[in-house]
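This report walks through how the parts of one protein chain pack against one another. Please keep the structure in view while reading, and look for each residue as it is named.

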Amino acid sequence: MPTDKYAEFVRGPVGGFIAPKVGLPQPTKLERYKKGQPVVAGKAFIGAAPGGRLGESLVAALKSANVEFEYSEPGVAPEGDERFKVLVFDATGITDSTQLEELWRFFHPTIRRVKSCGRVVVLGTQPELTGNAKEATAQRALEGFTRAVGKEIRKGSAVNLVYVAPGAEDQIESTLRFFISPRSAYVSGQVARIVESIGGDAGAIDWNMPLAGKVALVTGASRGIGASISETLARDGAHVVGLDIPPLKEDLEKLMAKLGGSSIVEDITAEDAPKVIADFLAEHHNGVDIVVHNAGVTKDKTLGRMDEDKWSVLMDINLSSEERINDELLARQLVKANGRVICVSSMSGIAGGAGQTNYSTSKAGVIGLVQSTAPEWAKHGVTINAVAPGFIETQMTAAMPMGPREVGRRMNSMQQGGLPVDVAEGIAWYASPASTGLTGNVVRVCGQMLIGA
């Protein structure tokens, strides 16, 4: 794993003394989830605008997660000087712009009482699902609020917005658990949208092993982010079917043996790859519950200097192969009910990257794939979502020149690069059987990148 030597230095006694005196960034060491730990290591403080509709669901979800919390009546600040690990505010009662003051009334006395690596979550209603223009305007304003707070809060804390559709109140638990816990260590300034259940009632969930009995296909599984995805899904109970190209066969089989999974050695761009994959899943597992399209490459060159091969090969690996595999699995109905398709996009697909017209195009296409096929998958009780990583500490980013690498690390609200496990935790959140109200989402895992989109 590449190391951030600057961060290590400024966390030490000498660097910690010098950095604040000369105005250098001091990235906080992020708290990340360790198996068996509580959802929240501390107390939550929750509140609501008058008329909020999520109170009962919010309280039920926190109790289910064994989170200690204090509830505030609208406009009432917590007494004393106690500090909180989590703040949650139900803003669904805000129906016009004059009521946005409720945000100030709740957060003004509490925001400086959030502990290091704390979490702030605002709950709202999708603007397009509100009753009128004034309410839609006010709910849309929540995005600006949460993103600005995310840039102010510092000390490794994260701020996110969750839009909950009317009628989807009972679907918030898996998303709330993710956003208030260390699993979302490198996710901030994001908007998640919850709709009514796509896959029906998920039934009872073992939150320590939510994927027990599930089969997960992970492409590009042998190294880096793909390996971390495989390890995280296996940690949560899934049988992982790892897939990678023949040159990485040894690494793949070694990892799958460690995880108790199984392997498919195949080039996903091969003409028969969709059939090979589908046949394997049908023969050995009678289908698949989770499909993670992680395999991808970069072939950077400015557009005028890019030859056709760098364009077409990359596009085939990063985008077209995913379409072909999805088409095969869908046609043969091999993704089981309440199944999940999860794609890995990129910040480059949202903001564009110099020297990456091919890569940016393919990753923007992945977002298009998620959004355009979500209605079709929903007919089969399957959700499809994407994560878009920003600067993640991998062998690929370790090979970048020092200047761009340091910019990538520091120009985000966390002032540091993320780890592969941060991407994997986002995928595990989507993969949960309880995340049945999440589809068509693209959530960035970027520490709230300050440049670009």
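This is a predicted model: local features need pLDDT of at least 70, side-chain atom pairs count only at pLDDT 80 or more; totals for chains, interfaces and linings use all residues.

## Helices α7 and α15

Helices α7 and α15 cross in a right-handed sense. Helix α7, which covers residues 224-235, packs against α15 at an angle of about 45 degrees, and the two axes are 8 Å apart.

Which residues of the two helices meet? On the α7 side they are Gly-224, Ile-225, Ser-228, Ile-229, Thr-232, Leu-233 and Arg-235, while on the α15 side they are Pro-420, Val-421, Val-423, Ala-424, Glu-425, Ile-427, Ala-428 and Ala-431.

The surroundings of Leu-233 can be followed in some detail. If neighbours within four places in sequence are left aside, Leu-233 is in contact with Leu-211, Ala-216, Val-218, Ala-238, Val-240 and Val-292, and also with Ile-427, Ala-428 and Ala-431.

## Two further helix pairs

Helix α15 has another partner in α6, and the axes of these two helices come within 9 Å and cross at roughly 165 degrees. Because the angle is over 145 degrees, α6 counts as roughly antiparallel to α15. The crossing of α6 past α15 is right-handed, and the residues that meet are Ser-174, Thr-175, Phe-178 and Phe-179 in α6 and Glu-425, Gly-426 and Trp-429 in α15.

Helix α9 (residues 273-285) and helix α10 (residues 308-331) form a pair whose axes come within 9 Å and cross at roughly 40 degrees. These two helices are therefore oblique to each other, and their crossing is right-handed. From α9 the contact involves Pro-274, Lys-275, Ile-277, Ala-278 and Leu-281, and from α10 it involves Arg-324, Ile-325, Glu-328 and Leu-329.

## Two buried loop residues

Ser-184 lies in the loop between α6 and β6, where β6 is the strand of residues 191-194. Is Ser-184 buried or exposed? Its relative accessible area is 0%, so Ser-184 is buried. Apart from neighbours within four places in sequence, Ser-184 is in contact with Arg-119, Ala-158, Phe-178 and Phe-179, and Phe-178 and Phe-179 are also among the α6 residues that meet α15.

Ala-221 is placed in the loop between β7 (215-219) and α7, and because its relative accessibility is 0%, Ala-221 counts as buried. When residues up to four places away in sequence are not counted, Ala-221 touches Gly-226, Ala-227, Ser-230, Gly-242, Leu-243, Asp-244, Leu-252, Leu-255 and Met-256. Its C-alpha atom is separated by 23 Å from that of Asn-208, a residue 13 places away along the chain.

## Salt bridges

Side chains of opposite charge can pair when their charged atoms come close. In this model the count of salt bridges comes to 27. One of them joins Glu-169 to Arg-53, with the closest N and O atoms 2.7 Å apart. This pair links distant parts of the chain, 116 residues apart, since Glu-169 is in the loop between β5 (158-164) and α6 (173-180), whereas Arg-53 is in the loop between β1 (44-48) and α3 (55-64). Arg-53 has a relative accessibility of 27% and so counts as partly exposed.

Asp-236 and Arg-235 also meet in a salt bridge, at 3.0 Å from N to O, and both of these residues are buried. The side chains of Asp-316 and Arg-324 form another, at 2.9 Å from N to O. Here Asp-316 is partly exposed, with a relative accessible area of 22%, and Arg-324 is partly exposed at 31%. Elsewhere, salt bridges that share partners join Asp-4, Glu-393, Glu-406, Arg-409 and Arg-410 into one network.

Notes
Residues are numbered from 1 along each chain as its sequence is written. Side-chain values use heavy atoms; hydrogens and water are left out. Contact means heavy atoms within 4.5 Å. A salt bridge is a side-chain nitrogen of Lys or Arg within 4 Å of a carboxyl oxygen of Asp or Glu. Helices (H or I, at least four residues) and strands (E, at least two) are DSSP runs, numbered from the N terminus. Buried means under 20% relative accessible area, exposed over 50%, partly exposed in between (1.4 Å probe, protein chains only). Axes are lines fitted to C-alpha atoms, for helices over the stretch in contact, and angles run from 0 to 180 degrees between N-to-C directions. Angles under 35 degrees count as roughly parallel, over 145 as roughly antiparallel, 65 to 115 as roughly perpendicular and the rest as oblique. A crossing is left-handed if the near helix is turned anticlockwise from the far one by less than a right angle, and right-handed if clockwise.
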